[in-house]
Amino acid sequence: LPKRPLAAGSPARVLVTGAGGGAATFAAQYAVAAGAEVYVTSGSEEKLKRWESMGVKGGVNYKDKEWPKALKAKLGKGKLFDIIVDSAGGSTFSECAKLLDYGGCLVFFGATTGPAKDLDLFNLFWKQARVQGTTMGSDQDFTEMLGFVEEHKLVPTVHSARPFTEVLAALDDLGHGDTFGKLVVTF
């Protein structure tokens, strides 16, 4: 959670990048269920429209070079994000750091586009921001997550379930960014 206390009755503002991929999709669903004001980025206008029906407040297409400016406009004057969840890395990570509010937290669980580029460390320390890498949580974290999922009746979004014999086709879909949610391979 953010370092600074949130105003009473004010939900955390959360950004999830690459929402359409399996883990990012679940992160956004989880944040919506937790009562956050959630925004997403996606490379597909179709996926952004789908998010509107899933409780997300707004989204922008990250293929637009001005996507950070578009997000700021959606948030309103002077507002930034309390929590940002990113798996892209690369220049996206650096832009996310600029969108982080004072005391906010930038969580990352991947670097599909490579290492962070042109990361402004001054921006991070002046904001007293936290950067937190994650892979999985502890056993206790997992148990608490399962309780939250059960309480809120969350169902992970599954793009498709395919037999192992179709794993190469599933990976092709993943590589083209045509998916929304998890790709499940069955044995």
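1. Trp126 sits in helix α5, which covers residues 121–126. The structure discussed here is a predicted model. With a relative accessible area of 66%, Trp126 is exposed, because the cut-off for that class is over 50%. Together with Leu121, Phe122 and Phe125, Trp126 makes up a nonpolar patch on the surface, and the accessible area of these four residues is about 540 Å² in total.

2. In soluble globular proteins, nonpolar side chains tend to be buried together. In this model the largest nonpolar core contains 16 residues. Val14, Val16, Ala28, Val38, Val40 and Trp51 have the most contacts inside this core. At least two core residues come from each of β1 (13–16), α1 (22–33), β2 (37–42), α2 (45–52) and β4 (81–86). The greatest contribution is that of α1, with 3 residues.

3. Which residues does Trp51 contact, leaving aside neighbours within four places in sequence? They are Ala19, Gly20, Thr25, Ala28, Gln29, Val40, Val56 and Phe180.

4. Ser160 belongs to strand β7, residues 158–163. Is Ser160 buried or exposed? Its relative accessibility is 16%, so Ser160 counts as buried, the limit being under 20%.

5. The side chain of Ser160 makes a polar contact of 3.2 Å with the side chain of Arg162. When residues up to four places away in sequence are not counted, Ser160 touches Lys182, Leu183 and Val184.

Terms used. Residues numbered from 1 in each chain as written. Predicted model: local features only at pLDDT ≥ 70, side-chain atom pairs only at ≥ 80, totals over all residues. Heavy atoms only, no water. Core = buried A, V, L, I, M, F, W, Y, C linked by side-chain atoms within 4.5 Å. Buried < 20%, exposed > 50% of the residue type's maximum accessible area, 1.4 Å probe, protein only. Helix = DSSP H or I, 4+ residues; strand = E, 2+ residues; numbered from the N terminus. Contact = heavy atoms within 4.5 Å. Polar contact = N/O pair within 3.5 Å; in protein donor to acceptor, adjacent residues only side chain to side chain. Patch = residues over 30% accessible without salt bridge, like charges linked within 9 Å, V, L, I, M, F, W, Y side chains within 5 Å. Areas by Shrake-Rupley, 256 points an atom, 1.4 Å probe, with all protein chains shown as cover. Salt bridge = Lys/Arg side-chain N within 4 Å of Asp/Glu carboxyl O.
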